[in-house]
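This report concerns selected local features of one protein chain. Please consult the sequence and the model alongside the text.

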Amino acid sequence: MSWTREQRNVTIAAYLGWTLDAFDFFLMVFVLKDIAAEFDTKISDVTVAILLTLAMRPLGALIFGRLADRFGRRPTLMINIACYSLLELASGFAPNLASLLVLRTLFGVAMGGEWGVGSALTMETVPTHSRGIVSGLLQAGYPSGYLVASVVFGLLYQYIGWRGMFMVGVLPALLILYIRSKVPESPAFVQMEKRPRPSLAATLKGNWKLTIYAVVLMTAFNFFSHGTQDMYPTFLREQHHFDAHTVSLLTIVLNVGAIVGGLAFGHISERIGRRRAIFIAALIALPVLPLWAFSSGAFALAAGAFLMQISVQGAWGVIPVHLNEISPDEVRATFPGFVYQLGNLLASGNATMQAKFAESHGNDYALALAVVAGTVAIVIAVLILFSRERRGVDMTQSVRAPAPAT
């Protein structure tokens with residue numbers, strides 16, 4: 001089955017939406033040290049901003065997901081992108097840490113909405129046989145955003161400072177023009193809009209076991225990603241004392257590995273199933289752990305970062321399609337994003353926890369990173385064995401229908 005122009009445009013828009021959302025989020029992880037210096041506080045105090053951003057993402061997923069389930073994926077996505085872009089710009093004008101924390105809290109609400117709405121729009125639009133590779137591409141938007149932030153930090157930070165980094169973050173608002181002119185509404189939403197739908201509460205109550213399981217799974221997944229990414233630039237700057245250029249290059253390598261992992265395992269999941277692909281990707285982290293966390297030279301650290309993110313984002317690359325396939329049809333714009341972001345809420349203390357752990361162990365960020373990554377890799381590999389396998393399910397039919405044979 002060939003792709004239509006509309007399907008390509010939807011995929012591009014959803015990928016860029018998540019890329020630019022992640023770009024705005026990751027700009028901050030490069031400048032924690034600078035913000036702490038300007039506001040005369042510790043890095044661990046500034047990481048509270050990351051905690052608040054992550055903690056508020058479930059609220060955004062709920063608000064924007066419900067809007068998308070009621071009024072459509074396309075208009076909700078445009079509003080969502082406008083919100084997170086403007087809040088990113090405002091962060092650059094924060095006069096003190098307290099106001100910055102408020103702005104990053106509101107940014108978290110806006111950030112929390114994009115993934116669920118964008119993934120629902122995409123998975124409901126693209127051909128069934130392409131969902132796996134598109135899932136990997138969509139999730140690759142996250143490390144793509146991190147990569148772009150790495151490039152901006154390496155090229156512009158010395159000229160524009162930490163405030164200028166946030167001001168650059170308003171640029172994603174331009175994506176709204178593309179969506180408005182090129183992206184159609186999801187055909188599945190158009191069809192479901194014509195039939196009565198139960199409330200969110202009723203749907204979640206009828207699928208309470210699935211909901212609890214999905215939240216626990218996504219908590220582990222968020223510890224996996226944030227535990228290997230958010231404090232990594234600080235690890236390079238504080239423990240290895242690399243300059244901005246070297247930090248930028250290493251995080252670029254990290255994100256290239258993440259993109260490769262997401263695309264590869266998203267594609268593989270079409271052949272071996274979602275669960276097996278996630279299981280294999282997660283366990284790759286274990287043999288890579290010593291090279292990733294405890295190497296001393298830049299070259300070895302780059303190799304470790306590349307391989308670690310093949311594992312992390314390889315597992316994550318299957319998540320957009322897997323959550324959408326196991327989701328109840330009636331709340332597909334809400335359910336995947338909501339359980340994903342509830343997992344974010346439960347894992348939101350990761351950066352602060354890792355920073356405090358490192359500070360209490362002589363600034364040993366390597367140990368803090370390794371403990372989290374190794375633990376959750378095992379947890380994910382165990383949890384995914386209990387998930388449903390619904391590869392290729394018809395998204396216009398009820399998720400409660402019997403799963404296809406695998």
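## Loop residues with positive phi

In this predicted model, histidine 241 lies in the loop that joins helix H12 (232–239) to helix H13 (244–272). Its phi is near 60°, a positive value in a residue other than glycine. Most residues other than glycine have a negative phi. Histidine 241 counts as exposed because its relative accessibility is 63%, above the 50% cut-off.

A second case is asparagine 363, placed in the loop between H18 and H19. The phi of asparagine 363 is likewise positive, near 60°. With 31% relative accessibility, asparagine 363 falls between the limits of 20% and 50% and therefore counts as partly exposed.

## Helix H18 and its packing

Helix H18 covers residues 350–359, and its buried residues are Asn350, Ala351, Thr352, Gln354, Ala355 and Ala358. These buried residues pack against four helices: H3 (43–46), H4 (48–71), H11 and H19.

Alanine 373 belongs to helix H19. It has a relative accessible area of 0% and is therefore buried. Beyond its neighbours within four places in sequence, alanine 373 is in contact with Phe224, Thr228, Leu289 and Trp292. Between alanine 373 and glutamine 239, the separation is 134 residues in sequence and 18 Å in space, C-alpha to C-alpha.

Valine 382 is also found in helix H19. At 45% relative accessibility, valine 382 counts as partly exposed.

## A nonpolar surface patch

Valine 382 takes part in a nonpolar patch on the surface, together with Leu283, Leu286, Ile378, Leu385 and Phe386. The accessible area of the patch residues together is about 550 Å². Two elements give two or more residues to the patch: helix H14 (274–294) and helix H19 (365–383).

How many cavities of 30 Å³ or more does a search of the whole structure find? The search finds one. The volume of the largest cavity is about 30 Å³.

The lining of this cavity consists of Gln139, Tyr142, Asn222, Ser225, His226, Gln313, Trp316 and Tyr340. At least two lining residues come from each of helix H7 (131–168), helix H11 (208–229) and helix H15 (298–316). H11 supplies the largest share, three residues. Helix H11 is also among the elements against which the buried residues of H18 pack.

Definitions and conventions
Residues are numbered from 1 along each chain as its sequence is written. This is a predicted model: local features need pLDDT of at least 70, side-chain atom pairs count only at pLDDT 80 or more; totals for chains, interfaces and linings use all residues. Side-chain values use heavy atoms; hydrogens and water are left out. Patches are made of residues with over 30% relative accessible area and no salt bridge: like charges are joined within 9 Å, nonpolar side chains (Val, Leu, Ile, Met, Phe, Trp, Tyr) within 5 Å. Accessible areas come from the Shrake-Rupley method with a 1.4 Å probe; for residues, only the protein chains shown count as cover. A salt bridge is a side-chain nitrogen of Lys or Arg within 4 Å of a carboxyl oxygen of Asp or Glu. Buried means under 20% relative accessible area, exposed over 50%, partly exposed in between (1.4 Å probe, protein chains only). Contact means heavy atoms within 4.5 Å. On a 1 Å grid over the protein atoms alone, a cavity is a set of points where a 1.4 Å probe fits but cannot get out, and a pocket is an open set with protein on both sides within 12 Å along at least five of seven lines; lining residues have an atom within 4 Å of a point. Grid points are joined across faces, edges and corners, and a volume is the space filled by probe spheres set on the points.
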